[in-house]
Amino acid sequence: MNSKPKILWADDEIDLLKPHIMFLEAKGYELLTACSGVDALHICAETAVDLVILDENMPGISGLDTLARIKENSPHIPVIMITKSEEENIMDQAIGSKIADYLIKPVNPNQILLSIKKILHSGQLVAQKSLSAYRDEFARISSMTFSASTLSDWYELYRKLTYWQMELEAPDSSSEMADILASQINEANSAFAKYVTANYRSWLDDTADTPLMSHRVMTRRIMPQLKEGKKLWLIIVDNFRLDQWLSVSPMLSDLFAIDTELYCALLPTATQYCRNAIFSGLLPADIARSFPELWVDEDSEEGKNLNESPLIESYLRRMRQNFTFSYTKINDSDAASRLADRFTDLKSNDLNVVVVNFIDMLSHARTESKTLRELAGSDAAYRSITASWFVHSPLKELFRSIAASGASAVITTDHGTIAVDNPVKVAAEKNINSNLRYKIGRNLGVNASKVFAVTNPNAYGLPSTGVSCECIFAKNRDFFAYPNNFNHYSRHFRGTFQHGGVSMHEMLVPLAVLTPKNQQLI
């Protein structure tokens, strides 16, 4: 079987290019030649070629016309256009026809070879380079996991692991190396859980050196910008991980200068606790105590996030600020379109808060839908769906309007999510909360070594549901399942994306400040 890449080179002076052709054949390519556009089209119609090299200035059918017909019949075939002309309109026409490369005569063999490699082998070459670079990084990552002693260390390690995860999950990458990285990520998550268990309580103290956490986002990141007189949009994308943000952020880089940091979400890493803490500037226990009418207990049938606008208002009032604000929740594209239509009315506000629920809805729907499990069967697929959603969402237009208005934006999340795979048995009373990554209640029967257990919820900023109330949080990729029907629920939830527990993916979340580039130029 001939596995050599097959290249068609069409040029009316093809005989003069024999040295170039011999050079490429010596490099392992099979060359077909044509003296005209007509011949090139016949060969493309009858033979499967991997790439076409096309002279722009040929008698009869011109190179540009030949290019247009090749793209009409075989849009997947990459084309390198070669021309003597440096006229801009010819370049524009060729580029507009989606050529793969554009070279100006005279060209040397190595120049042609470089272009061919870039087009036909770039994925493989990048994958090989990434593989080699990851091998070099392996020992350093292991050392960082062992030595991490501050949240800043964990931020750096998580960024590095996320980078390599995105690199090694590319289509041409080694699955063996991806598996080794997955083991490193699991090892890091186990070490991170130990670190959180030992240090989390101290992070809740109000001192100058405590880390940025959910309940400090408004005071440390939003209020300073408002006090500087900036118009600001705060956009909370529910259930938004670092890797998902990194897949989306390049689509905004033409509009904004982007400064991304990580911060630590509260436990439980669930919307009721984290997002209410963001908007109120308070720990959940303080919300329940100071604003009982705005806090909804775990066992209530009422929606847990219906009071977010009043919590923002209470925060501004407590800070003695009269900033005007709006609050909008987006559950679908129609709601996003309506928000975009209202932009003119909203842009005069000091603060506009937008909550976007798409990714959280996708995560929960994927748990129940076999089709969605197939579409988002891995972290890479989950990222891909996120990026596809964003590029086709009306939110892209909203960001364009924000940038044009000169306003800044902060985009962040309440918590992340993790794919779970290891069921842990838990016994509990019937009215216990349903989350698979944390449980709050009495008489929780679980292997203590498997969980981060809190016997005094108030000391951890959590409302207590009564005497003997305790909280347990799943670690790494564990999830809770009841002894009854244990095997059934284990199979049903294994591989699903969940949140509420202790892992880098859930707790270390992105916060990005977006400054419009047109403002930077002023």
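1. Basis. In this predicted model, local features need pLDDT of at least 70 and side-chain atom pairs count only at pLDDT 80 or more, while totals for chains, interfaces and linings use all residues. Residues are numbered from 1 along each chain as its sequence is written, and side-chain values use heavy atoms, with hydrogens and water left out.

2. Overall fold. The chain holds 22 helices and 19 strands (DSSP runs, H or I of at least four residues for helices and E of at least two for strands, numbered from the N terminus). Of its 522 residues, 53% are buried (under 20% relative accessible area, 1.4 Å probe, protein chains only).

3. Contacts. Among contacts (heavy atoms within 4.5 Å) between residues at least 6 apart in sequence, 73% join residues at least 24 apart.

4. Helix pair. Helix α2 (residues 37–46) packs against helix α3 (residues 63–73) at about 15°, the axes lying 10 Å apart; axes are lines fitted to C-alpha atoms over the stretch in contact, and angles run from 0 to 180 degrees between N-to-C directions. The two helices are therefore roughly parallel, a term for angles under 35 degrees. Gly37, Ala40, Leu41 and Cys44 of α2 meet Thr66, Arg69 and Ile70 of α3.

5. Cysteines. The count of disulfides (cysteine sulfur pairs within 2.5 Å) is zero. Cysteine 469 is in none, its nearest cysteine sulfur, that of cysteine 471, being 5.2 Å away. Cysteine 469 is buried at 3% relative accessible area, and cysteine 471 is buried at 0%.

Note on methods. Buried means under 20% relative accessible area, exposed over 50%, partly exposed in between (1.4 Å probe, protein chains only). Angles under 35 degrees count as roughly parallel, over 145 as roughly antiparallel, 65 to 115 as roughly perpendicular and the rest as oblique.
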